[in-house]
Amino acid sequence: MNGKSPSPGALVPLIPYMKTHRNGLALVFVLVVSVVFIDLAQPWLVKEAIDRYVSVSRPDSMAILRMAAAYLGLVLLAFGLTYYQDTLLQRIGLSIVRSIRLDLFRHIQSLSLRYFDQNSAGRVITNVVSDTEALNNFFTQFLSNTLRGGFSLVLIMVFMARLDPVIALYCFLLVPVVTVSAFFFQRKIQSINAEVRHRLGLLIGFLAENLSGMAIVQIFHQEAKQQKRFDDRNKVLLAATIRENRWFLLFFNVTEMLADLTVAALVWFGGKGVIEGTISFGVLYAFVGYIRRFFQPITIISQQMNILQSSIVASMRISSTLEEVPDIREVDGAKAPEVAGGIKLVGVCLAYLPGQEVLHDINLTIRPGERVGFVGATGAGKSSIMNLVTRFYDVTEGAVLVDGKDIRLWPQDMLRRTVGIVQQDVTLFAGTVTDNVRFFQSGINGERVREACRLVGAEPFILRLPQGYDTILSEKASTLSAGERQLLSFARVLIFDPRILILDEATSCLDSRAEEVLQQAIHRVSAGRTLLVIAHRLSTVQELDTICVLEQGRIVEAGTHLELLGMKGYYWRLHQSRMLLDEVA
């Protein structure tokens with residue numbers, strides 16, 4: 001949270017969202033005031049009934065019946081207005097939270113990959129789901145209760161002063177005591193609640209990581225160890241939550257005790273006044289009713305303090321995310337040149353962290369339609385070059401040119417349509433085969449989807465599925481083989497017709513037969529496109545026009561397969577050491 005301590009000022013970013021519902025919130029305000037007036041009129045009505053029609057020499061039963069009917073009418077009216085007010089506030093609160101979630105998700109999608117490298121999936125999920133839910137509680141619970149409670153306190157003091165100023169003055173002496181008590185407990189609960197939210201985020205993050213890596217956990221028989229680590233985090237969260245609830249309950253009970261002592265004192269002194277004839281029994285009854293109502297809003301507001309603190313912390317976390325500035329930004333007036341597919345790297349350096357370069361002075365020219373492979377040991381910088389061409393990251397020094405223009409001057413959407421990438425780890429989404437290939441873009445018709453699948457050789461296995469192209473896939477599509485998932489990924493890229501196609505170790509997890517199918521697909525679709533291939537397998541790169549060999553972030557050799565073997569340099573040593581898996585020799 002950028003080192004900021006939680007404070008109510010953190011809720012200021014919510015004001016623009018509330019302004020869009022100003023009319024609805026104004027109506028809620030009117031309803032709250034109306035309900036408070038109706039509620040506080042009830043003890044006064046009973047007081048009038050007692051003093052005028054009960055505690056008199058000749059009680060009037062019909063008048064008492066009318067008073068009772070009026071009391072019942074006020075109760076029913078308050079019920080109806082409260083129900084309408086609560087449903088209206090629920091609708092407003094949920095609409096605001098929906099808008100915040102949309103803005104948050106939109107902004108998260110605009111952030112650079114560096115943000116996701118530095119923040120766990122659990123933290124992001126907590127931000128979008130849990131933190132926004134805390135704000136929902138702020139609108140639907142805290143806002144209405146504090147408004148109602150605040151007006152109740154003010155109006156109760158007015159009613160009590162009109163009944164008997166002297167007794168009211170003695171009752172008002174409680175206000176500073178309750179205020180100091182509330183301030184003290186609020187500070188304690190606030191600090192503990194921030195810890196609870198932090199611990200909850202860590203727990204959700206741990207859970208998300210384990211769910212995504214469950215296969216690894218089970219393969220290495222780490223269930224018991226992970227269970228203990230989860231339990232440790234859960235215990236810390238439990239302890240923090242118990243501390244928070246303990247302070248909250250202490251405040252609640254202190255407030256209740258003050259209310260009971262005040263009523264006891266009022267009955268004692270007020271009773272003497274009734275006996276002595278200085279006040280009427282109806283006034284004493286009304287005072288007892290108002291004192292109870294005086295402490296009710298304080299108790300209700302105290303119950304909402306943990307919601308307020310959760311909302312403050314959640315708002316700070318959401319604001320912190322919305323304030324994140326993408327590393328990759330588009331310049332004003334960005335325009336793309338005519339797309340042919342030429343790539344040029346000029347003096348390119350890249351450092352993911354300051355002072356830790358992973359690419360050093362890369363100079364490379366790739367002609368439109370050329371097929372270029374990149375090989376080297378793990379960590380040599382192959383994927384980093386692809387990250388620069390796709391502009392997932394910007395160069396630290398130098399420039400990446402596509403068709404003669406620095407990609408930093410391209411519109412990002414145009415660059416992403418020009419450069420397509422198929423990665424080793426295939427990401428599929430819950431939905432039909434068709435939806436996954438066209439990435440849920442309904443404007444792409446089914447025939448284009450089928451054409452792309454036929455071109456990459458995916459249609460035969462798709463037609464064997466229970467509902468063919470309409471088969472519903474799970475998030476991980478576990479019913480499909482690695483090769484089948486890869487073919488769907490390849491078809492998804494192809495359907496957008498990129499002029500530059502990147503294969504980032506796209507065949508490394510496939511068996512020989514699956515790789516052969518994909519290689520045939522690559523040959524069919526790479527015609528007329530610039531093709532960049534990262535591979536560990538010799539069969540993947542040996543037919544390419546050029547092979548670039550990387551070592552420790554530098555291109556140390558370049559040439560065809562046979563030329564590089566003839567040099568008997570680094571490529572030849574990789575080949576001899578079997579770091580390039582030769583499946584055809």
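Trainee: Where is the place of Q552?

Mentor: Q552 sits in the loop between β11 (546–551) and β12 (554–559). Strands here are DSSP runs of E with at least two residues, helices are runs of H or I with at least four, and both are numbered from the N terminus. Do keep in mind that this is a predicted model, where local features need pLDDT of at least 70, side-chain atom pairs count only at pLDDT 80 or more, and totals for chains, interfaces and linings use all residues. Residues are numbered from 1 along each chain as its sequence is written, and side-chain values use heavy atoms, with hydrogens and water left out.

Trainee: Why is Q552 called exposed?

Mentor: Its relative accessibility is 63%. Exposed means over 50% relative accessible area, buried means under 20%, and partly exposed lies in between, with a 1.4 Å probe and protein chains only. Q552 therefore counts as exposed. Its phi is also positive, near 50 degrees, in a residue other than glycine.

Trainee: What makes H107 count as buried?

Mentor: H107 has 16% relative accessibility, so it falls on the buried side of that cut-off. H107 is part of helix α3 (residues 61–110).

Trainee: Which backbone oxygen does the side chain of H107 reach?

Mentor: That of E324, at 2.8 Å. A polar contact is a pair of N or O atoms within 3.5 Å; within protein, one must be able to donate a hydrogen and the other to accept it, and residues adjacent in sequence count only if both atoms are side-chain atoms. The 2.8 Å pair is therefore within the limit. Leaving aside residues up to four places away in sequence, H107 touches T321, L322 and E324, where contact means heavy atoms within 4.5 Å.

Trainee: How do you know what span is expected of helix α2?

Mentor: The expected span is 1.5 Å times one less than the number of residues. Helix α2 (residues 22–54) has 33 residues, which gives an expected 48 Å, and its first and last C-alpha atoms are 47 Å apart, close to that value.

Trainee: Where does α2 bend?

Mentor: At Q42, by about 25 degrees, with a proline, P43, following within four residues. The bend is the angle between axes fitted to the seven residues ending at a residue and the seven starting there.
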